[in-house]
Each structure stands twice: as C-alpha cells, then as structure tokens.
Amino acid sequence: MRHLPYFCRGEVVKGFGRGSKELGIPTANFSEQVVESFPPDISTGIYYGWACVGNGDVHKMVLSIGWNPFYKNIKKSVETHIIHTFKEDFYGEMLSIVITGYIRPEKNFDSLGQYCRCPLNQSLICFILTY
C-alpha cells in the first residue's frame, strides 16, 4: 500500500455503538472531518497498526476504513479497535494512530452470524479478545 505507514490524529466521537453491543469489540470513531482527510484513494478494508489515546500508552490496534456494507452506511467511517481494556469511555480524547499494514478488503455479509463465522474474522476476533 503506497500510503503506509499512515499517521492520523483526531478526536474520538460517538459512533453507532455496534462494535461493542453487537460484536463485543468496542471501536473508537473519528469525526467526518478526520475521515475526509484520509487520502481519497486509500483502499477500504481492515488494517493494523498502533494507537494512543491522549498521552497514554501505545497499544496495538486493528482498524476498519469503509462503508460497512452489512450495515449499509451512507458515509465512510474509520473505526479503530485498540487491543487494550480501558476502564472507561474516552469520547472527546485525542486518538493518535499509525497504520502499518493491510489485512483484507472490505466485505459484505448476508448476516451477522455469517460475519462472525468468516474464518479471517474469527481469527481477528480471537486475536483481539485473547491478546
């Protein structure tokens, strides 16, 4: 990927709440302005790298860039799952990320169950939950 590594920083805003509620994988969401600042030709999909909230420690992360076709989003989003357990929400904090690698393109699924049964997604979810 010609845009990697890619550095970004922005305020954490409320998303749809689906990552935590439906998948058990909370995500930190960037505002529309931050999403629009990404290179227009960056591929949608799943990435990995490093993240830091405020002036805290740096942690591994996985990140989704795209339209979330399963949910039929009308706006592109950037959702970061930081591989760390935080004691409380951090809406309004500054999130700094560096994207270092690409995992796979964005995909659509017929159901949430199909999404969770996808071998690559199972591997990612297991990695995230057991790391």
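What is the average pLDDT of the chain, and what share of the residues score at least 70? The chain averages 78, and 68% of the residues score at least 70; pLDDT is the predictor's confidence in each residue, from 0 to 100. This is a predicted model, in which local features need pLDDT of at least 70, side-chain atom pairs count only at pLDDT 80 or more, and totals for chains, interfaces and linings use all residues. Residues are numbered from 1 along each chain as its sequence is written, and side-chain values use heavy atoms, without hydrogens and water.

**View 1. Strands β1 and β6 pair in the antiparallel sense.** Six bridges link β1 (residues 6–13) with β6 (residues 94–105). Strands are DSSP runs of E with at least two residues, helices are runs of H or I with at least four, and both are numbered from the N terminus; two strands pair if DSSP finds at least two bridges between them. Cys 8 has Ile 97 of β6 as its bridge partner.

**View 2. Strand β3 is joined to β6.** β3 (residues 45–53) and β6 run antiparallel, with nine bridges. Trp 50 is bridged to Val 98 in β6.

**View 3. Two cysteines are shown.** Cys 8 counts as buried because its relative accessibility is 9%, and Cys 52 is buried at 13% (buried: under 20% relative accessible area, 1.4 Å probe, protein chains only; exposed: over 50%; partly exposed: in between). The structure holds zero disulfides (a pair of cysteine sulfur atoms within 2.5 Å).

**View 4. Confidence is lowest in helix α4.** Helix α4 (residues 119–130) has a mean of 46, whereas β1 has the highest, at 96. Residues 126–131 have pLDDT below 50, and this stretch has eight contacts in the model beyond near neighbours in sequence (contact: heavy atoms within 4.5 Å).
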